[in-house]
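The overall make-up of the protein follows after that.

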Amino acid sequence: MSVATCRGSPVAWVAVAVALLCAAPGGIVAGARPAGAVGGAVGPLSACAGGPLRNAYAGALVVDGGGAAAPGRGNVSIGFDYDYDRTVVNRSSGAVLSRSCLGTGGNATTAANGSFAVSLPIPASSCDQFTDRCTQFSGPYGPFAVAPTAGAPTGYATNVSIVGGNLTVAFVADLGGIRLLPSGPVAVVSPGAWEPIRAVPLMGNGSVSPVAATFNWSLSGAGWQFLQPPGGPEVNVSAAAAGFGELWAGARWSRGPASFSVGPANLTLEAIATAIVAADENRTSVDAGDLVAVSVTLSGAPGYTYSAIERPGLDGPARALACGPATAAGAAEQRTCTGTIPYPTSGIAAPTVVVTNGYSSATAALPNVTVAPDPTVAIAPATPYGYVGSPATVTVRGENGTGPFVGACLASGAGSTTCRGGPGPSWTFGPVYDAPGAFGALASVQDAAGTNSTEPLTVDIAAPLALGPFPANLSQAAAGAARFLSATVSGGFLPLRYWWNVSGAVAPIATGVAAADGTVATLWVPASPGPIVVSLAVVDAKGTAAARVQLVSVGNDPAEVVRATENPPAAGAMAGSPIDLGWAAVDGAGAAVPTFAAPGEVVLAGLNGTVPTPAWVNASGAGPLAPVAPGIFALPAAAWSLGALNLSIATTVAGTWSVALVGLPGVPSPPVEKVAVGPDLAALQAYDPDVLRAGGRSNETFWHIRDAFGNPAVGAEVQVDFAGPGVSYDRVTTVVARPLGGAGVWMNFSAPTAGGGVLELVAPLTGILVGPLVVPAAPPGPAAPASSIVPYALAGAAGAAAAAVAVGLARRRAAARRPPPDGTMSEAELRAFVEGRDRVIRLVAEAGVADLAALDAAFGGSAPPTAVSDWVASLVADGTLGARTGPDGVARFCLPHGADGPARVVVDPAAADRAAAARAALLEDDGEAAGGDDDGSSDQAGSRPTRS
């Protein structure tokens, strides 16, 4: 640092050249007249070179830039130096005898706040009274030198300024050095990023200098560059690639006479590229829908925000990984980024990962991931089955998924769960159930990827297939005498097939199908004496078999039991009423055998294998017989009286029943008798009237009629009474059978007028059956057109629908070249016809609405279209189905008993009471007629069944 001195003064002064700026704003105003001016005359200029000064100044000591420890401003000695002019003149002539410039000065001490005052006095002019000389003084004049007498503190320079009458002495922070930030020895940056480097000026005491220095910069290294030409305290540098560079910086500053130059300071630069150190997955074989854990370790320049993105492949969306905190790795830093990536679809995925700090990026390929389809569970058989108390066989197999499968479990649905490990993929379980039923089970498998797959299944469990004992008296039989073979069958899966076999026969003597637990039976007539093996084999629907064997000793025929001619079967028997039958024992010549008395069985059975239940049998000599099975009654030997047997038989089930005597040891069974039991016409009930539409119309209401036991009352007569607005009507009609089952009466009309009315059904014997039924008035609009082809169609668009049905059926029959059914059918044809109608009803009920094409498709070719047409035509004809035609002209069919159909008829309590009273009276009369004569004799009427 260079320091100026003033006239050899030992104190270091800061010279201030004061220009003569007369009257200049803010300048220094001359305080004395020009030298040599005496008495107003203008003389020569002053001998002092500087301009005029003020006589006094107000001063202040300030600190310009505090630094780490700014110097104090109080009690600082401020020295100053100035000139004044001395001119000696002849007082008489005014001639200047001599002129000189004299220097002087002084000191001022600053107050605590740094203020001080400076006075620049000059001597007073005077004349010597003894000589003719006068000494004149003028000034003060510059140069005006001001400086702290002790100099500036370390790290500071002195700067003085004068503005008008104000004097400022400043301790100015100097420039003693330079520091580069970030501090060295090496500054690390990322390639592509602009890194700011700042130069900080320092004072001599090491603190930051506030001076406005001028900086010069220099950068070296391959690929290193400045963002813009350097020219300030801060520059931005960048590297195109990884590598080293060197940065230099110098600074200059001057203030007044002080001038500083520092540097250069240098900084080593290192560009570190972003890189992937490691990338891995926790597994490379997974199932669809599983997650793969990904871990990526990256390295890069410190101080940046890093991110990692994984692209999983298989068209899956990119996913961000979560990056953890930085860890030091030499000049670089490392971060570990993790995440879980789902793989919803199967295939071979080629995942990649990209890491970046926004300037420098790196990409790596991860190991391929094989994504297998989700594992599935296969069950064999599809519906497993078993029997109570025995292990059922359930095979669970794992399919798809990631092999190998490692285990499977079965929750049986009965409180137990069993699991088995490898090797797979198939395992067999044997759950045991303690009760029959359909059990909801769950089967699951686990593959090598740890994925579980579960499949619900139903395990059907039945009671064990079992055969009851043969009749106790079967060990003995007579040649030519019919024996009743029976055994109870229970358990197993229905239906059951059974075979009756006897030794020596080339084919079973009887076979059949049992649809429920119960008795399977047949009649067997031994052909000749000798030992015979009788066996019954039963196989259920799953193929499980059971058998029973009996050795029978067959002897000769000593006698015969025949029908007693004096007791013919009663004709027209009604349900619940007794039927009297009789038999007699005779020898080969036809003579009575009054000593015959043998136990056996009375068997009641229908043509189709059903039994009349409930049924009642009374023997004249033994009273009511005990049933040993449905339709089978034990016949004791005491039931025979003098070789004759009289029975009263009753059942509440209408139908044609066979009555057989079997198991009579030593004699052949008599021929089977047929008994026709009709409905109880004295106890009729009407129910479930089908009222298809309101108002006047024909053949639109069907009343179902049954007796008190629920038998269809075919052949009964009922009277129809109708009362409407100005109209009354009554007639007697006969109950007819309906093809779908049940019986009833079709009304010739429901209401004779559109105004509706009240309808009642009356049984001539018992009075009102059900009623009243209110028939509503017809809705407004045109009446439906009549059709002779489909007379029972629905209202509204039904006429057009009926026509469409008729045309469609006619075309189908013409194509098949056969006429419509004429009503004469064999039993097999009738059975097929009824079953077809039932199936059509079920299909329409399930679909809600269906046309002929939909019904054909639903049958799936199991029935020809012409048969489907006949079934639909009969259902529309009797009102079971309604027909409507849509805008497309296609007829569609529905059941007319839905939410929009007629309501059920509620029985009138008063009418029900009247009917019950009439029936009770009939029963009382009937009982008196059958109760016996006054002499006490009885014909067993007292043991009739009581009807409810």
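In this predicted model, D132 and R91 form a salt bridge through their side chains, with an N to O distance of 3.7 Å. D132 belongs to the loop between β5 (126-127) and β6 (133-148), while R91 belongs to the loop between β2 (77-90) and β3 (96-109), so the pair ties together parts that are 41 residues apart in sequence.

How many salt bridges does a search of the whole structure find? The search finds three. Another of them joins the side chains of E333 and R335, at 3.1 Å from N to O. Here E333 is buried, at 9% relative accessible area, and R335 is buried too, at 18%. Burial is assigned under 20% relative accessible area, so the 18% of R335 falls within that class.

R397 and E399 also meet in a salt bridge, with 4.0 Å between N and O. R397 is partly exposed, with a relative accessible area of 38%, and E399 is likewise partly exposed, at 35%.

Now to the protein as a whole. Its secondary structure consists of five helices and 68 strands. Of its 948 residues, 42% are buried. When contacts between residues at least 6 apart in sequence are considered, 65% of them link residues at least 24 apart. The accessible surface amounts to about 43700 Å², and carbon and sulfur atoms contribute 56% of that area.

How values were computed:
Residues are numbered from 1 along each chain as its sequence is written. This is a predicted model: local features need pLDDT of at least 70, side-chain atom pairs count only at pLDDT 80 or more; totals for chains, interfaces and linings use all residues. Side-chain values use heavy atoms; hydrogens and water are left out. Helices (H or I, at least four residues) and strands (E, at least two) are DSSP runs, numbered from the N terminus. Buried means under 20% relative accessible area, exposed over 50%, partly exposed in between (1.4 Å probe, protein chains only). Contact means heavy atoms within 4.5 Å. Accessible areas come from the Shrake-Rupley method with a 1.4 Å probe; for residues, only the protein chains shown count as cover.
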